Amino acid sequence: MKNSFKTKGVCSTKIDFELKDGVIKSVEFTKGCDGNLKAISSLLVGMNAHDAVARLKGIQCGKRPTSCSDQLARALEQAIN
């Protein structure tokens with residue numbers, strides 16, 4: 001299932017991702033820290049979405065109350081619930 005999530009409070013503006021049977025098949029961020037977000041995306045492919053949420057939820061970026069990783073966790077949560 002392909003999903004799109006509009007981010008809030010971070011440099012990236014959108015996250016597109018695909019889940020199949022609860023497993024992350026692809027993740028693509030629009031804007032943001034290109035290298036870091038490509039690395040995160042690469043590491044998550046093949047991971048169970050629940051496990052990714054548990055690892056990423058609550059991560060902050062500097063003084064911001066959220067991060068691109070946290071936004072992805074929120075997007076995944078929304079998709080699996």
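**View 1. Lys20 stands opposite Val23 of strand S3.** This is a predicted model. Lys20 belongs to strand S2, which covers residues 14-20. Strands S2 and S3 run antiparallel. Seven bridges join S2 to S3.

**View 2. Three strands form an open sheet.** The strand order is S1-S2-S3, and the pairing is antiparallel. Strand S1 spans residues 2-6 and strand S3 spans residues 23-30. Both stand at the edges of the sheet. Each has a single partner strand, so one side of S1 and one side of S3 lack a neighbour in the sheet. From one strand to the next, the twist averages 20 degrees.

**View 3. Helix H3 lies across the sheet strands S1, S2 and S3.** The helix comprises residues 68-80. Relative to S2, H3 runs at about 45 degrees.

**View 4. Helices H2 and H3 cross at roughly 145 degrees.** Helix H2 is made of residues 49-56. The H2 and H3 axes come within 9 Å. Their crossing is left-handed.

Definitions and conventions: Residues numbered from 1 in each chain as written. Predicted model: local features only at pLDDT ≥ 70, side-chain atom pairs only at ≥ 80, totals over all residues. Heavy atoms only, no water. Pairing = 2+ DSSP bridges. Helix = DSSP H or I, 4+ residues; strand = E, 2+ residues; numbered from the N terminus. Axes fitted to C-alpha atoms, helices over the stretch in contact; angles between N-to-C directions. Contact = heavy atoms within 4.5 Å. Left-handed = near helix turned anticlockwise from the far one by under 90°.
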